[in-house]
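Subject: Structure handover

Hello,

Here is the structure you are taking over. My notes on it follow below.

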Amino acid sequence: SDDQAKHLIHAYSACVSYVDAQVGRLMAELQRLGLSDNTVVVLWGDHGWKLGEHGLWAKHTNFELDARVPFIVCAPGIQGVGKSSPALVELVDLYPTLCELASLPLPEGLEGKSLVPLLREPSQPWKQAAFTQWPRGNIMGYSMKTDRYRYTQWQKRDTGQVLERELYDHQHDPEENENLANQPEQQALVAKLVAQLAAGWQQALPATK
């Protein structure tokens with residue numbers, strides 16, 4: 001009901017506000033104890049949560065609301081402190097980032113990219129895409145976020161047959177309410193995004209050493 005929805009949204013907002021206050025207390029205590037100069041703090045969370053958007057509650061879809069997470073890094077000696085970045089980053093980037101900040105060697109085979117260069121210069125060019133996926137029974141939804149679009153294709157796990165596609169233009173439709181994938185005038189763009197998704201995360205990495 002509308003009343004229950006309002007109650008749930010109010011409770012969710014109160015939770016976020018409360019946690020934000022606790023993070024502030026934690027950071028203040030680190031500074032008081034003299035630990036802020038040699039401590040790396042990362043605030044991150046599970047994937048997103050819908051509060052009635054798309055007629056849905058909770059999570060577990062390939063919509064942007066479910067794919068995005070809070071992701072804040074506070075590290076000593078980082079020039080970009082206090083700044084946000086529009087760059088595309090992924091949770092697989094967290095491990096190599098912590099390794100570099102702690103001067104630890106990186107093992108082979110990591111899919112993530114250290115965010116330290118981005119922390120130093122938040123406005124620099126970065127990844128061309130970020131990737132997520134979520135299953136529905138025997139069907140897997142593979143999703144890719146670029147600087148403007150989210151493209152998702154649903155395909156059978158056993159045969160790879162594509163059953164449906166979704167395309168959202170975040171420049172004009174940030175809430176992802178209009179699926180453009182089947183519009184004739186968008187087919188060239190769809191073909192481009194299909195090829196980019198097939199190329200995968202290795203082709204989307206930033207051109208940095």
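Of the chain's 209 residues, 31% count as buried, where buried means under 20% relative accessible area, exposed over 50% and partly exposed in between, with a 1.4 Å probe and protein chains only. This is a predicted model, in which local features need pLDDT of at least 70 and side-chain atom pairs count only at pLDDT 80 or more, while totals for chains, interfaces and linings use all residues. Residues are numbered from 1 along each chain as its sequence is written, and side-chain values use heavy atoms, with hydrogens and water left out.

Overall layout

The C-alpha atoms fill a box of roughly 60 × 50 × 30 Å along the principal axes. The chain has five helices and eight strands; helices (H or I, at least four residues) and strands (E, at least two) are DSSP runs, numbered from the N terminus. Their order along the sequence is α-β-β-β-α-β-α-α-β-β-β-β-α. Among contacts with a separation of 6 or more, 45% join residues 24 or more positions apart, a contact being heavy atoms within 4.5 Å.

Helix 1 covers residues 2–32, 31 residues in total, and reaches 45 Å from its first C-alpha to its last, close to the 45 Å expected at 1.5 Å a residue. That expected span is 1.5 Å times one less than the number of residues. After helix 1 comes Gly 34, with a positive phi near 75 degrees.

The second largest pocket has a volume of about 610 Å³. A pocket here is an open set of points on a 1 Å grid over the protein atoms alone, where a 1.4 Å probe fits, with protein on both sides within 12 Å along at least five of seven lines; lining residues have an atom within 4 Å of a point. Grid points are joined across faces, edges and corners, and the volume is the space filled by probe spheres set on them. The lining of the second largest pocket has 21 residues, and Tyr 12, Val 16, Asp 46, Val 69 and Pro 70 are the closest to its centre. Helix 1 gives the most to this lining, with six residues.

Ring pairs and a charge over a ring

There is one aromatic pair, counted when ring centres of Phe, Tyr or Trp (its six-membered ring) lie within 6.5 Å; planes under 30 degrees apart are stacked, over 60 edge-to-face and the rest tilted. The pair is Phe 63 with Tyr 168, and it is tilted because the planes are at 50 degrees, with the centres 6.0 Å apart. Phe 63 is in the loop between strand 3 (57–58) and helix 2 (64–67), and Tyr 168 is in strand 8 (residues 162–169), 105 residues away. Both Phe 63 and Tyr 168 are buried.

Elsewhere, the charged end of Arg 136 sits over the ring of Trp 154, 4.2 Å from its centre. The rule asks for NZ of Lys or CZ of Arg within 6 Å of the ring centre and within 35 degrees of the ring normal.

Individual residues

- Glu 64 lies in helix 2 and is buried, with a relative accessible area of 12%. Leaving aside neighbours within four places in sequence, Glu 64 is in contact with Lys 145, Arg 150, His 170 and Glu 176.
- Cys 74 is in strand 4 (residues 71–74) and is partly exposed at 31%.
- His 60 has a positive phi near 75 degrees, although it is not a glycine.

Regards
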